[in-house]
Amino acid sequence: MRVLVLAGSSREGSVNARLASLVAAQVERSGAEVDLARIREFEMPTYDGDAEADQGPPEGAALLRERLLAAQALVIASPEYNASVPGVLKNAVDWVSRFRPQPFKDKQTLLVSASPSMVGGNRGLWALRVPLEHLGARVYPDMFSLAMAHAAFREDGGLTDEGLAERLAATVDSFLALAEADTRYLCLQRRWYEFLGDESSAPVTQRAED
């Protein structure tokens, strides 16, 4: 199984990039293949419908789509900007969602965050769930947020708090077990609905595919 681990910060020395590296190491220990990426690898202008109509999606969006399609699961390590999603990450989601078929749909997804704050970026993760779940991503119920992240890492990149390190490993392992089951042992036909009461005779709603 292949897992895309995406650090949602462009900054050098980002604590979320360090957290993404820890997640990637845990994915490798589980026996899965990992694709570790930084959001700055996928350059995109601010989403503009006219630009999309004239030129199509930018190269960075196409590259991120390819990396998503090549993975059975996605992990995003996201900063928290003003209690919400970083603009560069939301912009990437908006651009990539314009491809058909839409690559976030049914993607098993785990959200983690790191922040110098006492809540560890958790509010940003709740905000990030909204567009991803709307797009049909299967966002894992448990999230991991690392508070006081500027002082949470050892020199070798591990976490100073052994309890938090164990919790991160357990969260990643549990998520991977679910993602593997969903990938290898399909036994249900699934249909995604945009909202309660939505009905469709198609495999998925028109909103999700068109």
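Is Glu41 buried, partly exposed or exposed? With a relative accessible area of 37%, Glu41 comes out as partly exposed. Keep in mind that this is a predicted model.

Salt bridges are the topic here, and the structure holds 15 of them.

| Side-chain pair | N to O distance |
|---|---|
| Arg67 and Asp35 | 2.6 Å |
| Glu41 and Arg67 | 3.5 Å |
| Arg98 and Glu52 | 3.1 Å |

Let's start with Arg67, whose side chain meets that of Asp35 at 2.6 Å. That pair links distant parts of the chain, 32 residues apart: Arg67 belongs to helix 3 (residues 59-69), Asp35 to strand 2 (residues 33-38). Arg67 counts as buried because its relative accessibility is 18%, and the cut-off for buried is under 20%. Asp35 is buried too, at 9%.

Arg67 also meets Glu41, at 3.5 Å.

Arg98 lies in the loop between helix 4 (87-96) and strand 4 (108-114), and Glu52 lies in helix 2, so the two tie together parts that are 46 residues apart in sequence. As for accessibility, Arg98 is partly exposed at 38%, whereas Glu52 is buried at 16%.

Notes. Residues are numbered from 1 along each chain as its sequence is written. This is a predicted model: local features need pLDDT of at least 70, side-chain atom pairs count only at pLDDT 80 or more; totals for chains, interfaces and linings use all residues. Side-chain values use heavy atoms; hydrogens and water are left out. A salt bridge is a side-chain nitrogen of Lys or Arg within 4 Å of a carboxyl oxygen of Asp or Glu. Helices (H or I, at least four residues) and strands (E, at least two) are DSSP runs, numbered from the N terminus. Buried means under 20% relative accessible area, exposed over 50%, partly exposed in between (1.4 Å probe, protein chains only).
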